[in-house]
Amino acid sequence: MVEKILISGNEAIGYGAIYADCTHYFGYPITPQNELIEFMAREFPRLGRTFVQAESEFASISMVCGAAATGVRAMTSTASTAFSLMQEGISGIASMELPCLIVNVQRGGPGAGSTQHSQMDYLIATRGAHGGYKNIVLAPFSVQEAFELTQLAFYLADKYRIHVILLSDGIMGQMYESVELKKLEFPPLPEKDWAVKGSAAHNYVRTFVHNSPGIIGSYYDYMKRSDEKYTKIKENEVRYETYEIEDAEIILVSYGSTARVSLRAMYLARDEGIRVGLFRPITLWPFPREAINKIADNTKKFLVVEDCMGQMIEDVELAVVGKARIGLVGSMDRNLPTGSGMILSRKVLEKIKAFN
Amino acid sequence: MEEKDSPRRLICGRPKSLMQAKSPLCSGCQHGIVGRIISEVIDELGIMGNVVGIGGVGCHAMSMFVMNVDFVQALHGRAPAVGTGVKRGLNEEAVVFTIQGDGDLAAIGIGDLINATVRGEKLTTVFFNNAGYGTTGGQLAPTTLIGQVTTTTPDGRRPEAGGFPIHVAELMAGLPGVVYSARCAVNTLAQFKRTKKAIKTAFQKQIDGIGYGFVEVLSACPPLLKMSPTKAREWFEKHMLAEYPLGEFKNVNEREIKYQIEND
């Protein structure tokens, strides 16, 4: 029998990491992801795995880099403000092509912003820091999915030798739901023969994992390899879910916690006879551009619901290439103009009705 | 290289953990000597196959290209944190050392270094102090001497504007996680031998599971000083040795815990 427990979205990521055989966690406290670092501090040592509280997010991402370079499954978690601090390290990890997981439980920004939820890191998560690299971004919208996408994240990271960002948010992290704890099965993975273990492990041929692809070795090879990798990921790993889109006049596009709000709004609208559908990207990169483009052949109205001033909307605009009209339900539509305000279903319904 | 059971014994030559490669360093630079010392120590300790080096950003990192051991490159200043990840990733079974320069270690990375010792990491750090930034063309470093001219202190470093030279070996000696801290030089054969002994001790402390070992090695940078190698060495002996005293500042065999709460 599969075990079912009541846990928060933050804890679900911790359970996902355990079920994915992640052995190394490095982190630094920040709201609203603290339940996750505390879960790791409690559970990882008990399981004989490594937990380290770093002195900063510069350090925690660097520790993930070091551990991942040895071939173990390593991760860190943080929230927006400190996700910015990690950017240099993440760019370094991209240059070294190290598989690992970085969890961002989004809070309000910019700056220290607020300690409450937001979805204001879409662009930094999907576009990244300097150097033009790409990374897989997964966005759960239920506690169960947070648990499962964490396992998927480690699989995809190892499959492509790439870092994966799990983009959660304050509401997702604090939300409690019952979760079926089940280890997901994945196909076999390539061996990590590039990992640093001391040269004795490689017949005394030394291994050198570096972050200067344009100085050491061939920049051309690095770019070609990356380009092929990104293309392969775009071809094979796009994930999304659709609800009632077949006859929809208006399609809501939303991810994470606002997708839950949007789903409710969709049903409220359907009750009133308005034909609304929901498109929910699960991979924010690669973004399901082609799927949306195809839908735009039939549906001419897209309403993007995201708790920011409009970020994912840019990807939707690129996807529909002028075939449909696009509107935004954003942070200005929160029920309260405060840090703790949120977009409610009735506001989305209101905007659906006004979108003509 | 001679066979183990050969009656002929190699008394000098290139260490096994040093590749046969052209030095990428400038003439008169002493960083190459330090790289060689680390290689000799690795050979003598017999850890070549079980050691991982972490290189940072700067001239010191050139050793990364010529040392025949596994290496992970860290971003500027992050070597002790990356080293922490590597050490933990390999279940604390590998010997992990960082090589860092004065910009890397004493400026952008001083927090990483101190906190690695605060966490009780068992790593070895060799700090290349040449009183300035070499790779970027000779700017002020935290270790630059008062009055020293650099490209960003064109009138010489003044305390009012540029602050004071940092003494890292003494600072490290004051930290409970550090069990060995020394400052050395390589300007004479006698100093070369002392440096080698210090670096070997710093590695041994890690191998024995005692704690963090730290060795600061002073050196002169002729291009930074805009001097010939000979003149740079004279400058080094006159000024750098006056600012930075050589010696062992800490050498203990146990980490000290002053007070401990007994939970009941």
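Start with both chains in view: 34 residues of chain A are in contact with 27 residues of chain B (C-beta atoms, placed from the backbone, within 7 Å). This is a predicted model, in which local features need pLDDT of at least 70, side-chain atom pairs count only at pLDDT 80 or more, and totals for chains, interfaces and linings use all residues. Residues are numbered from 1 along each chain as its sequence is written, while chains are lettered from A and ligands numbered from 1 in the order in which they are written.

Next, select the side of chain A that touches chain B. Strands E2 (24-27), E3 (50-53) and E9 (208-209) and helices H3 (57-69) and H5 (87-96) of chain A each give two or more residues to it. Helices (H or I, at least four residues) and strands (E, at least two) are DSSP runs, numbered from the N terminus. H3(A) provides the largest share, nine residues.

Now show E9(A) with strand E2 (residues 70-73) of chain B. They run parallel, joined by two bridges (strands pair if DSSP finds at least two bridges between them). Val209(A) is opposite Val72(B) here.

Move to helices H3 (residues 79-89) and H5 (residues 110-118) of chain B. Their axes are 7 Å apart, at an angle of about 40°; axes are lines fitted to C-alpha atoms over the stretch in contact, and angles run from 0 to 180 degrees between N-to-C directions. Select Pro80(B), Ala81(B) and Thr84(B) of H3(B), then Asp112(B), Leu113(B) and Ala116(B) of H5(B), to see the contact.

Key
Contact = placed C-beta atoms within 7 Å.
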